[in-house]
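Visitor: I have a structure to go through and would like to ask about it piece by piece. Could you show it first?

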Amino acid sequence: SERPVLRAIIKVTLLKHEPTGKPLTLEGVFVGGSAGKAEGKLMQYHPLSLCNTSEDERQESDFITIVKLEHRVHHCLPLPDKARMALDKGAQAVIFDIRNDASAAAELQEVDSLPRPVVLVEDNNAKELMDLVNKNEEAKVVIEIKMEPKWPHYD
Amino acid sequence: RQGTAATMCPSPCHCEEDGIFIMVDCSEMGLSSVPANLSPLTTYLDLSMNNISEIQPRAFHRLHLLSELRISGNQLRYISGLAFQGLHNLKVLMLQNNQLERLPDDAPWDLPNLLSLRLDANLLSVVPAEAFRGVRSLRHLWLDDNSLTEIPVMALDSLPSLQAMTLALNRITHIPDYAFTNLSALVVLHLHNNHIRSMGSRCFEGLNSLETLDLNYNDLQEFPVAIRTLSKLQELGFHNNNIKAIPERAFVGNPQLQTIHFYENPIQFVGKSAFQFLPKLHTLSLNGATQIREFPDLKGTTSLEILTLTRAGLSALPLDLCEQLPRLRVLELSYNQIEDLPSFYHCSALQEIGLQHNQIRRIESSTFQQLASLRALDLSWNMIESIHPDAFASLHSLVKLDLTENRLSSIPVVGLSALTHLKLRGNTELYEAFSPDNFPHMRVIEMPYAYQCCVYGSCDSYKPAGQWDSEQSSTNEDLHKRTVAMYPIHTDTHYDPDLEEFQLEIEESKLQASVQCTPTPGPFRPCDSLLGSWLV
Amino acid sequence: HKPISGVSSGCQQGGCLTCSDYNGCLSCKPRFFMHLERIGMKQIGVCMTSCPPGFYGTRSPERNTCTKCRSECDSCFNKNFCTHCRAGFYLHLGKCQENCPEGMVRSDAQRECIL
């Protein structure tokens, strides 16, 4: 069955620039049938941290998980289950950087019952986010549904 | 390097002061031998991850105050008994990840206060009888990931204080009687990932304090009856073995058991009394034991919270099931031949019930009565023809109900207002289109027929069939057409900035609450029924 | 005790088998333990011969992993058996408790119950 592909707007504000800092605006695609708004501190998780054997690493405040997927890493769980596990750990939303995992998008497209937003990012959108993580630049992220322009192609 | 530590710190190591003592870190420095000028005030010395292949006799003889010595991750093949002379206060010795092939037997290591000894990830195939003669205070011993083919029975006799030991990942094939007789203080014993095929019926004699026994990933052919002497046992694992039966009164000697893991065994038979009188057991899972015909007698096993008994031959459930198991939270009985259900009335803590793939025909009013905590109920792939109107009345927490592939012509909606997932596919006699008002929180619903999904999408606003692409592409350009199509509010509005803001709010809330209804109506499954009757 | 041993930082660690800039180690050489270390918002894979304090190692044929001990343990042999307690707790037969069994007293120096 066909499901609308909804795009996500990801606004990233460095904590050190709050509240006046101008947010960096990136884009992604919602999957998992849970398009919606989410907000929290960006927190990276290693792909292996979302496995059955992973222990419970609780964060204090609201956070949004970002995982850079790697095709070389042993897939301990299907991606939908990894997403659920991240949400069960308290994430307000999950962002998957799928630049290095071509099959990820297909695996997540058919899922329908994720309780909170899950977003796929690629290309420069992914690079910008992961470069922040790599520099350990603490940032707040707001995810929203991208409202497409009303009549883009019609007469 | 700081203060006095700087003067006493051997190059190129890093040192930190610990009061008058110093902690020396020489890890990963490419060293090929133990630094010579180590201070007698050294309490912690880390030589791990270097290229040390030999330790000279008396290399640490001045370090009487050394408490922890790490030499893991080097190339040591043998360490003589004289190497550790003088380490009277050593408590922790880490030798893992070397190439040790044998331990000294002529003059064993004299470490009277050693508590923890790591020998894991080496090449030991034998442990000499005298090897541990000089470490009598030892509490924690790692011998896993070596090449042992036997339990080092004689060597273990020297360790009366041992509390935790792992012999996992070796090539042990048999556990002889009285293998651990002197280990009366042992609490944890790991033997997983060996080739254990048999064990003496008295092999665990003497392990009076044992709480954890891990026999997973071996080749056991029979149930380990030797556990009968382990009266303190709390955690037992023998999953991934080759055991075909669990005998009657199997755990009669183990009243303290809290967890038993034995999945991935070809278990065909389970004694009816096997799991009786285990008052602390909270999880019991049995899958594929096809010879089980009767539900096990769980008298005295009153703390059970999770019971999984799938792919067996059950045809009925005891009427007093819930009296025996008042704390049950998860009941998974799929793939049996159950026909009639008792009342689960007394199982008030139940959160999940799995009864899919059975032969259930009807659901009475009392079957699921008062299960206020029930969240998921799977009754798919049965033969259910009728459900009493009040059957779900008290299921206020139910969010997932699966009735796929039954013989229903109607279902009661009373009590189902919390549902987010409802599956009714395959009930070919069920024609009713349920109003969304019955299910205010619905997110995923599967119906027998597409027209029954029309109440969930604005079927009327769909453009004439010609506009509905027969092959719905998934490119983003189509997103807008379908988004607009699903939310008619946009259809004929002139541009108005304030109104636009207002509509975005509505649109956003609708998007969040969008219901995924299948099968989705389409050009060949239009919402308008043909000639007044969908069937024609 | 020294916080972390048997490890070097970044991708060029001795125990790393495959590695990525963002995730650190993705897999370890045989017999090394994979530890997922959190540094602020980052979490990277690190390969080591012994898990850091507060974690214990579990070996298996496929992979070796570090898992967190119970909160009251500074170090442990497995999930249910502590080898050294946190301040305020006292060790007896692998359990870290605030009080000692009858007939034993608390030793603050070793954080143990002693006779």
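Visitor: How many residues does the contact take from chain C and from chain B?

Guide: Please keep in mind that this is a predicted model. In it, chain C gives 26 residues to the contact and chain B gives 41 residues.

Visitor: And how much area do chain C and chain B bury between them?

Guide: The two chains bury about 2,600 Å² between them, and 52% of that area is on carbon and sulfur atoms.

Visitor: How many salt bridges are found across the interface of chain C and chain B?

Guide: The rule finds six salt bridges across that interface.

Visitor: Which residue meets the side chain of C:Arg59 in a salt bridge?

Guide: The partner is B:Asp145, with a distance of 3.9 Å from N to O. A pair counts as a salt bridge when the nitrogen and the carboxyl oxygen are within 4 Å, so this one qualifies.

Visitor: Let us stay with chain C. In what sense do strands β1 and β2 of chain C pair?

Guide: Strand β1 (residues 16-20) of chain C and strand β2 (residues 24-28) of chain C pair in the antiparallel sense, over four bridges. Together they form a hairpin, with three residues between the strands.

Visitor: Which residue stands opposite C:Thr18?

Guide: That is C:Ser27, which belongs to β2(C).

Visitor: New topic: cavities. How many of 30 Å³ or more does the structure hold?

Guide: The structure holds one such cavity. About 40 Å³ of space lies in the largest cavity.

Visitor: Which residues line the largest cavity?

Guide: The lining consists of A:Pro47, A:Leu69, A:Glu70, A:Val73, A:His74, A:His75 and A:Lys82. By type, the lining residues divide into three nonpolar, two polar and two charged.

Visitor: Now the backbone. Where is the peptide bond to B:Pro12 cis, and what is omega?

Guide: The cis bond runs from B:Ser11 to B:Pro12, with omega near -5°. B:Pro12 lies in the loop between α1 (3-8) and β1 (14-18) of chain B.

Visitor: What kind of peptide bond joins B:Thr518 and B:Pro519?

Guide: That bond is cis too, with omega about -5°. B:Pro519 lies in the segment after β27 (516-518) of chain B.

Visitor: What is the phi of B:Glu405?

Guide: B:Glu405 has a positive phi of about 55°, although it is not a glycine. Most residues other than glycine have a negative phi, and most peptide bonds are trans.

Visitor: Where does B:Glu405 lie in chain B?

Guide: B:Glu405 is in the loop between β24 (400-402) and β25 (421-423) of chain B.

How values were computed
Residues are numbered from 1 along each chain as its sequence is written. Chains are lettered from A and ligands numbered from 1 in the order in which they are written. This is a predicted model: local features need pLDDT of at least 70, side-chain atom pairs count only at pLDDT 80 or more; totals for chains, interfaces and linings use all residues. Side-chain values use heavy atoms; hydrogens and water are left out. Two strands pair if DSSP finds at least two bridges between them. Helices (H or I, at least four residues) and strands (E, at least two) are DSSP runs, numbered from the N terminus. On a 1 Å grid over the protein atoms alone, a cavity is a set of points where a 1.4 Å probe fits but cannot get out, and a pocket is an open set with protein on both sides within 12 Å along at least five of seven lines; lining residues have an atom within 4 Å of a point. Grid points are joined across faces, edges and corners, and a volume is the space filled by probe spheres set on the points. Ala, Val, Leu, Ile, Met, Phe, Trp, Tyr, Cys and Pro count as nonpolar, Asp, Glu, Lys and Arg as charged, and the others, Gly among them, as polar. Contact means heavy atoms within 4.5 Å. Buried area is the accessible area (1.4 Å probe) that two parts lose on being put together, summed over both.
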